[in-house]
Amino acid sequence: MEIIIKKKEIPANELIEISTNPKIIIFNNGEKYFAVSGICPHAKWPLELGFVSDDSLTCGGHGWEFNITNGECISNPGRDIKKYKIKEDELDITIYD
Amino acid sequence: MLTKFLGQACTLIETNNKKIIVDPWIVGPCNVNTWYTLRNKAATKKDIPTDVDYIYISHEHQDHFQQETLKEFSKKIPIYICKFKTKRFYNEIKKLGFKNIIELTSWKPEILTKDLEITSIQNPDLMFEDSALLIKSSEGTVFCQTDCKMDFTSLKKVNAAKPDIGFFMYSVANWYPDVYNYSKEKRDEIAKKRKLNKINGFVNYVDVIKPKFAVAYAGGPLFPHESQIKLNDPILGVFGCPDEAKMAWNKSGKTGSEVVVMAADDEIKIDGTHIKNKEPVLSTNKMDAIKELSIEVQEDLNKRWKAEGDASTRLPNKIIDYFNKIISENPVARKHIDMKVQLIADGKNGGEFILDMSKSKTSGNYAKEGKTEDWNYLMKIPAHLVEKAVNEELLWETLFLSARWEADRKPDQWNEHFINLLYDPDPTRISNIYKIYEKMH
């Protein structure tokens, strides 16, 4: 799997869905980009409804928290989400397995 | 169609001359004599509308399934519940003497009359059983989330049902972080974050379901016992008030629903007309309300606490037998729990116990008397309440919700596997859960 997206389409500090199948969201903290699975393993809420504070992505449904840099579930260890790899060039981002 | 809010998650829906009550907790405390509903003055038996045609109960937590209130209803009234994977909740209701308990398959509408149908909606959680309810009549549609943590697909389906009125949970109602041994700064930081996350969840639920009118309910209770007053703090406490949910909705800029703050005993018509019968307990007057309530019920609460009695001299053996049994019978749970617990049964006939649920320990005694520095989880619980739990007279969850205990964790992490084992240690249930869990993770 490989998805290429223009950097200008990813504003800073917003969770953006970039793929529906598999569902993937991307986050630009102003310095780096992070891509993770976009579905909360708890109750299948879309994670783009959540918010990011520091490295922590909080689900907008029931508050489960994930480390957006590696996908680890902080609030409920073991219930991690998939982290995708990222390649960056001047204009584009490539998200891949 | 008229809906009366009766405190916490209790609603009375009257439509086409039929009445259905949901999660009736109206009188007395729950959760081991600690929680009261958010009212300025405690309700009395006269406030219980016993002339109902149907009862729906979402799950077994006592703020939804409260015996003191339920015993006032005729045992002939049909009680509807969600058809859960286990029969434990069904059996608990049966023990109360109700003759007609109907289990509803999640999302399969049940026709009560030609003008009225109800749909039970089960939560998706593998480990804990809960449900929400959708009530449709020719006069309108009402949705009651109770405190069910719903899956997103179900929210979209509730939205498609176009509810006129929705009741939504807005507050934490749990023991974290208050029972844990945190510094004040750390505790306050966690409480603030939890409260914010829950209110944010309220806003998102309302935004996805989009009822015309959304009522903030199933929130934080009041803790009127003199030893627990600090839990009620409206600023530093983890338990919110409905005005905070309304403010968050208004601040979000989202549209399409109007958030309504109702006091217990207020009513709302299907067109949103709000009939105000009482003054609501809000973040601005909560401490005054708790002071008054505390004075009003203190004597009764003290009597109730005293009547709980002492632990028996057999408690140490009971603790060891209970934990040896549930740990040895559930090796798959132990593998996931993987920790040592220091249990202190505090008070007369209590003691200190080590519960070894390390995954490396595969035989021998899992529970013994003693003290260890090597614990991952420490629980200090009044001995007589531990005895009720190991006697299976009291759910561990109910005990934990009472906040009448202290805890510590190393590392500071939630262990859902341990709580799940205590929730219901039935080996068949546990084994079935981990067959699914291990495929998922």
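Predicted model: local features only at pLDDT ≥ 70, side-chain atom pairs only at ≥ 80, totals over all residues.
Contact here means that the C-beta atoms, placed from the backbone, lie within 7 Å.

Val215(B) also belongs to the largest nonpolar core, which has 143 residues. Together with Phe168(B) and Phe202(B), Val215(B) touches the most other members of that core. Helix α4 of chain B, residues 184-209, supplies the largest share, seven residues. Both domain 1 (2-299) and domain 2 (315-440) of chain B contribute at least three residues each to this core. In soluble globular proteins, nonpolar side chains tend to be buried together.

The two domains come next. The domain assignment of chain B places domain 1 at residues 2-299 and domain 2 at residues 315-440. Their centres, taken over C-alpha atoms, are 29 Å apart. Where the domains touch, 17 residues of domain 1 of chain B meet 23 residues of domain 2 of chain B. The domain 1 side of this contact consists of eight nonpolar, seven polar and two charged residues.

Now consider chain B as a whole. Its secondary structure amounts to twelve helices and 20 strands. The radius of gyration of chain B is 22 Å, close to the 22 Å given by the globule rule for 441 residues, so chain B is as compact as a globular protein of that length. The C-alpha trace spans about 65 × 45 × 45 Å along its principal axes. Of the 441 residues, 48% count as buried. Among contacts in chain B between residues at least 6 apart in sequence, 68% link residues at least 24 apart.

Key
Residues numbered from 1 in each chain as written. Chains lettered and ligands numbered in written order. Domains from an automatic or database assignment. Contact = placed C-beta atoms within 7 Å. Nonpolar A, V, L, I, M, F, W, Y, C, P; charged D, E, K, R; others polar. Core = buried A, V, L, I, M, F, W, Y, C linked by C-beta atoms within 7 Å. Buried ≥ 20, exposed ≤ 12 C-beta atoms within 10 Å, placed from the backbone. Helix = DSSP H or I, 4+ residues; strand = E, 2+ residues; numbered from the N terminus. Rg over C-alpha atoms; globule rule 2.2 N^0.38 Å.
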